[in-house]
Amino acid sequence: MDRIPTMCALRKRNINVGDGLCVFCGEVEETTNHLFTACRLITGVWFAIASWCNIAPFFFFSIKDIVKVIEYMPASDAKKEAVYGVLILTCWRLWKARNDKVFSDIDTEVVKIVSDIKSLGYLWFKSRYKKGSIDWKGWYNFNFNLM
Ligand SMILES: [Zn+2]
């Protein structure tokens, strides 16, 4: 719904955001679509996530494309639910990385973001999906054949 307070959204609300450029690349205005789909750092994260989930690389053109990924994915319900959760978690972690940079000047790396997503995702999935069980090794390899 484009309500997340990116630099572009804040500018539209008459808030002074300086140059309003993306904090990761510094090349273009920080919009929702740029921040979650197009920025170089972010595309690296999405590539790593797709690789980890053993699915084809993502090609997002807008943030709306992110939630549509599982619609046409040939996979078990458990894997679809896990991938959907990972996608949402990735968005949250990307926003956190952005806020860490904006408010605390903390730099981040693709490896750190992906590592956090794997760890947090495991805790989330274990608490949510109780029909089967998946251990850390299965989750780390995103191997749902174990379930
Ligand atoms: Zn950028």
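Let me start with the zinc ion: its donor residues are spaced C-x2-C-x8-H-x4-C in sequence. A quick caveat: this is a predicted model, with local features needing pLDDT of at least 70, side-chain atom pairs counting only at pLDDT 80 or more, and totals for chains, interfaces and linings using all residues. Numbering runs from 1 along each chain as its sequence is written, and side-chain values use heavy atoms, without hydrogens or water.

Back to the metal. Which residues coordinate the zinc ion? Cys22 (SG), Cys25 (SG), His34 (NE2) and Cys39 (SG) do, at 2.1 to 2.3 Å. Donors here are N, O and S atoms within 2.8 Å of the metal, or 3.2 Å for Na, K and Ca; water is not among the atoms, so sites may look incomplete. The angles subtended by the four donor atoms run from 105 to 117 degrees, so the arrangement is tetrahedral. The cut-off for that: four donors, all angles between 85 and 135 degrees. For reference, the ideal tetrahedral angle is 109.5 degrees.

Now burial around the site. Cysteine 25 counts as buried because its relative accessibility is 16%. Buried means under 20% relative accessible area, exposed over 50%, and partly exposed in between, with a 1.4 Å probe and protein chains only. Histidine 34 and cysteine 39 are both buried too.

Cysteine 91 is itself buried, at 16% relative accessibility.

On to the core. The largest nonpolar core has 40 residues, and Trp46, Ile49, Phe58, Trp139 and Phe142 touch the most other members. By nonpolar core I mean buried Ala, Val, Leu, Ile, Met, Phe, Trp, Tyr and Cys residues joined through side-chain atoms within 4.5 Å. Helix 2 (32–38), helix 3 (40–52), helix 5 and helix 6 (110–128) each supply at least two residues of this core. Which helix gives the most? Helix 5, with 10 residues. Helices are DSSP runs of H or I, at least four residues, numbered from the N terminus.

Take tryptophan 139. Beyond four places in sequence, its contacts include Trp52, Val86, Tyr122, Phe125 and Phe144. Contact means heavy atoms within 4.5 Å.

Helix 2 carries two threonines to look at. Threonine 37 lies in this helix and is buried at 7% relative accessibility. Its side chain reaches the backbone oxygen of asparagine 33 at 2.4 Å. Among the residues threonine 37 touches beyond four places in sequence are Trp46, Phe60, Phe61 and Ile66. Threonine 32, also found in helix 2, has a relative accessible area of 7% and is therefore buried. Outside its sequence neighbours up to four places away, threonine 32 touches Asp2, Ile4, Thr6 and Ile63.

In helix 6 we have isoleucine 113. Buried or exposed? Buried, at 0% relative accessibility. Leaving out residues up to four places away, isoleucine 113 touches Leu41, Val45, Arg93, Leu94, Ala97 and Thr108.

Last stop: asparagine 99, in helix 5 (residues 77–104). Its side chain makes a 2.8 Å polar contact with that of arginine 98. A polar contact is a pair of N or O atoms within 3.5 Å; within protein, one must be able to donate a hydrogen and the other to accept it, and residues adjacent in sequence count only if both atoms are side-chain atoms.

How values were computed
Four donors count as tetrahedral if all angles lie between 85 and 135 degrees; four count as square planar and six as octahedral if opposite donors are over 155 degrees apart and all others between 65 and 115; anything else is irregular.
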